[in-house]
Amino acid sequence: VILDDNISSMAKAVLWGRNVYQSIRKFLQFQLVVNVVAVSLNFISACAGVPLPLSAVPLLWVNMIMDSMGALALATEPPRASLMDRKPFGRIAPLINRAMFRNIIGNAIFQLTVTLVLQFAGKEIFSVPCFDAKYVNTTEECFGSTLQVNSMIFNTFVFMQIFGEINARRIEDFNVFSEIHKSRLFIIIIILTIGIQVGLMLGVGPTKIGAQIGITSITGAMWGASIVLGILQLPWGILVRFYPLDWCVGPIDEDVTEMSKLEKLLHFPKRKIPTMEFSDEELETENLNPDVVPEVAMGEPIKTHHNANETEEERRLAEERERRLVKLRVMVHAVAFVNVMQRAAEETRAKEGDETIKNQPTTVSHESMSTE
């Protein structure tokens with residue numbers, strides 16, 4: 001809520017508004033990558049007839065990393081001044097733009113490739129011997145080795161999300177560590193997530209509870225591979241940003257109807273400008289009839305959708321109300337601008353008056369001298 005008409009207050013409101021919008025985008029980008037990879041991994045494993053690498057409890061922990069901790073980490077970052085350099089865009093700007101689609105698809109491909117390789121070739125890569133699982137009643141042979149590989153997949157997947165969370169701090173910029181020292185809560189959440197994951201694997205994994213929830217202890221080589229593969233998420237995210245946006249799908253902020261070269265090559269249907277409807281409060285405030293107010297695309301001129309059964313008088317009234325609406329909006333913006341300029345001029349005159357009073361020399365009148 002803006003309590004005054006000061007320019008600095010308005011600029012601060014715009015800065016915080018852009019920061020909130022950007023935080024929502026960062027969280028969505030991070031969340032969609034986790035969802036796509038987790039669902040695809042379990043779905044492919046089920047179709048292949050192998051045990052699911054991510055069971056219920058590990059998925060709940062991943063969900064906590066993704067929703068609760070991810071939201072706190074990415075949505076509480078302070079605003080940065082570079083947000084004011086971005087061009088403004090209206091309400092029709094897409095929530096998930098082309099750069100986000102590029103990052104989501106690129107990072108999901110990396111994570112899904114790593115987890116699928118571990119799923120189908122992990123035993124051979126790490127030379128896992130055949131052994132039965134402890135604390136698990138099953139007739140399947142070598143289930144202990146399968147459980148160990150699945151635990152390694154789970155550990156690798158979590159570490160990729162931890163470093164993917166750092167990667168999600170920026171959507172188009174390459175320096176994902178920029179101003180990270182100002183985000184203390186983000187750093188605390190990353191450290192806390194790593195600590196809980198290590199404690200879960202080392203403390204709960206070797207126990208009976210760990211076997212029941214689908215995890216067990218892993219070897220030192222598996223630990224090293226999990227951490228290295230997680231760290232590789234950072235350079236991979238930078239490489240993804242080098243991929244040209246012209247060859248990616250999705251709308252851009254400046255013009256949602258602009259089609260990329262890839263979309264034209266694949267003959268994607270042309271996107272239309274989203275429309276918005278006036279709310280009842282806006283109609284009541286501006287004293288307009290909802291039956292004749294058209295749908296308006298933000299940034300586009302107001303267009304009337306006439307019915308074939310409308311009379312000439314009804315059309316004339318609708319056009320007149322549209323002109324009144326435009327005049328009213330122009331007048332409101334003009335009055336707000338005049339008020340701001342007047343306030344700035346008054347503050348300038350007040351400062352100049354204070355400086356003049358301070359610079360005046362102290363004089364003694366002749367009358368006071370004669371009285372003494």
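Author: Arginine 271 forms a salt bridge with glutamate 263, and their closest N and O atoms are 2.8 Å apart. A salt bridge here is a side-chain nitrogen of Lys or Arg within 4 Å of a carboxyl oxygen of Asp or Glu. The model is predicted: local features need pLDDT of at least 70, side-chain atom pairs count only at pLDDT 80 or more, and totals for chains, interfaces and linings use all residues. Residues are numbered from 1 along each chain as its sequence is written, and side-chain values use heavy atoms, with hydrogens and water left out.

Reader: Is glutamate 263 buried or exposed?

Author: Glutamate 263 is buried, at 1% relative accessibility. Arginine 271 is partly exposed, with a relative accessible area of 22%. The cut-offs are under 20% relative accessible area for buried, over 50% for exposed, and partly exposed in between (1.4 Å probe, protein chains only).

Reader: How many salt bridges does the rule give?

Author: The count comes to five salt bridges. Those that share partners join Lys26, Glu77 and Arg169 into one network.

Reader: What is the N to O distance between glutamate 77 and lysine 26?

Author: In that salt bridge, the closest N and O atoms of glutamate 77 and lysine 26 are 2.8 Å apart. Helices (H or I, at least four residues) and strands (E, at least two) are DSSP runs, numbered from the N terminus.

Reader: And with arginine 169, how far apart are the atoms of glutamate 77?

Author: For arginine 169 and glutamate 77, the closest N and O atoms are 2.6 Å apart. Arginine 169 lies in the loop between α4 (143–167) and α5 (184–204) and glutamate 77 in the loop between α2 and α3, so this pair ties together parts that are 92 residues apart in sequence.

Reader: What are the accessibilities of glutamate 77 and lysine 26?

Author: Glutamate 77 has a relative accessible area of 4%, and lysine 26 has 2%. Arginine 169 is buried, as is glutamate 77.

Reader: Turning to the backbone, what is phi of histidine 267?

Author: Histidine 267 has a positive phi, near 60 degrees, and is a residue other than glycine. Most residues other than glycine have a negative phi. Histidine 267 sits in the loop between α9 (261–265) and α10 (280–285), and is exposed at 70% relative accessibility.

Reader: Where is glutamate 179 found?

Author: Glutamate 179 is in the loop between α4 and α5. Its phi is also positive, near 60 degrees, and glutamate 179 is partly exposed, with a relative accessible area of 30%.
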